[in-house]
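Here's a quick briefing to read alongside the model. Let's start with the ligand and then look at some helix packing.

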Amino acid sequence: MTDTTPRPVGPETDPDAPATTGPAEAPVLSVRDLQVAYRTGKHTRVRALRGVSFDLYPGSSLALVGESGSGKTTLGLALLRLLPTLGEITGGTIGYTGDDGRTREVTAMSSAQLRRWRWSEAAMVFQGAQNAFNPVLTIGQQMAETLRDHSRARISRKEILERSAEALRSVRLEPQRVLGSYPHELSGGMKQRALIATGLLLRPRLLVLDEPTTALDILTQRTVIDLLAELREEYGFAMIFISHDLALAAELADRVVTMYAGKVIETGTTQDIFTAPKHPYTSKLINAVPPVSGDLPELASIPGAPPSLATLPPGCAFAPRCELATDECRAAEPELITLTERPADMTHAAACIHHDQVHHERKVIARA
Ligand SMILES: Nc1ncnc2c1ncn2[C@@H]1O[C@H](COP(=O)(O)OP(=O)(O)O)[C@@H](O)[C@H]1O
Ligand code: SF4
Ligand SMILES: [Mg+2]
């Protein structure tokens with residue numbers, strides 16, 4: 001078991017860091033050494049998460065980025081204990097601290113406790129959510145079900161209607177039109193907004209969104225992103241935004257976590273990650289984002305394919321695709337090295353022994 005908690009290895013003090021003595025509040029989520037495996041055969045399992053650690057503070061926004069198969073969805077599902085039956089949390093802890101200041105261990109919750117906790121404290125908008133609604137129930141019926149099943153106290157029909165309407169209005173949907181509609185009667189963008197509204201029905205402290213804009217056209221993506229930024233301001237929830245679209249991540253997140261082969265390989269503020277990434281993979285991932293205008297360098301694709309989790313190379317999992325790889329990289333898997341230490345888990349850390357040789361070229365990727 002490898003410890004991926006950032007270790008202070010000669011950290012520098014960041015002269016530009018805000019003068020703060022650290023957060024007064026506890027993190028909403030405190031994840032330590034989280035491990036998940038999927039059963040793939042009678043005696044075989046793949047380790048999809050190999051020791052993930054991070055803290056998420058109230059009201060903050062974290063983007064989880066990485067190529068397909070790096071474990072982003074697995075992490076989102078594991079955090080809410082929603083893994084499919086073949087997946088299992090095999091190690092680590094997930095501490096959740098509510099408004100009452102009490103910390104609960106999510107991995108130890110019973111199904112009854114999970115039922116009360118989900119939606120009211122932590123909600124998730126799933127990847128491919130366009131199909132998440134039940135096709136034979138109206139949006140109003142599905143929102144009512146969520147409210148009835150997960151509210152702490154009994155809730156009247158009038159209140160259900162009022163709260164559903166309010167949630168829909170908060171995502172700029174007309175309740176009169178949407179509540180009585182079946183999912184197929186809504187456009188993709190409207191469905192996505194209705195799902196976000198459902199996620200926010202019980203005012204959770206944590207919202208996990210898995211690729212919430214992937215199936216949408218550019219204009220609708222824009223609407224959803226602006227909406228999420230507004231909603232976060234209004235409701236103050238902490239957000240984990242899973243995306244392979246780094247430009248969107250750059251807009252919405254305070255902090256970015258890059259994943260590779262089931263591990264966190266770099267973490268830092270959005271500014272750190274997009275202007276001075278220190279893991280060769282993050283640097284390549286950013287350079288693979290399509291440029292906004294013609295005067296930016298040509299799109300660079302990342303050579304090679306992501307490794308198979310079943311047959312990971314020894315040492316650094318990125319070594320077969322890395323131009324900087326040396327024998328030392330292949331000898332042992334590098335741990336996160338703290339580069340700039342900051343409070344509230346805003347530290348910049350990279351799991352690369354040659355991080356000082358990573359010189360990132362492109363500077364700006366955020367969309368206009
Ligand atoms: N239901 C499953 N059964 C077996 N393996 C799975 C399952 N879901 C995901 N995996 C494996 O776990 C790894 C991570 O997948 P996933 O979390 O979906 O990555 P991402 O969201 O970053 O694309 C992949 O290698 C994938 O093959
Ligand atoms: S540790 Fe070595 S192989 Fe891995 S990313 Fe850094 S330079 Fe490349
Ligand atoms: Mg995914």
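A backbone N or O atom of Gly69 sits 2.7 Å from an oxygen atom of ligand 1, which makes a polar contact (a pair of N or O atoms within 3.5 Å). This is a predicted model, where local features need pLDDT of at least 70, side-chain atom pairs count only at pLDDT 80 or more, and totals for chains, interfaces and linings use all residues. Residues are numbered from 1 along each chain as its sequence is written, chains are lettered from A and ligands numbered from 1 in the order written, and side-chain values use heavy atoms, leaving out hydrogens and water.

**Around ligand 1**
- For Ser70, a backbone N or O atom lies 3.2 Å from an oxygen atom of ligand 1.
- Thr73 brings in a polar side-chain atom, 2.8 Å from an oxygen atom of ligand 1.
- Taken alone, ligand 1 exposes 560 Å², and the protein buries 67% of that (Shrake-Rupley method, 1.4 Å probe).
- Helix 1 (residues 72-79) gives the largest share of the shell, three residues; helices here are DSSP runs of H or I, at least four residues.

**Helix packing**
- Helix 6 (residues 188-200) and helix 7 (residues 218-235) pack at about 15°, their axes 10 Å apart.
- That's why the two count as roughly parallel (angles under 35 degrees).

Notes:
A polar contact is a pair of N or O atoms within 3.5 Å; within protein, one must be able to donate a hydrogen and the other to accept it, and residues adjacent in sequence count only if both atoms are side-chain atoms. Axes are lines fitted to C-alpha atoms, for helices over the stretch in contact, and angles run from 0 to 180 degrees between N-to-C directions. Angles under 35 degrees count as roughly parallel, over 145 as roughly antiparallel, 65 to 115 as roughly perpendicular and the rest as oblique.
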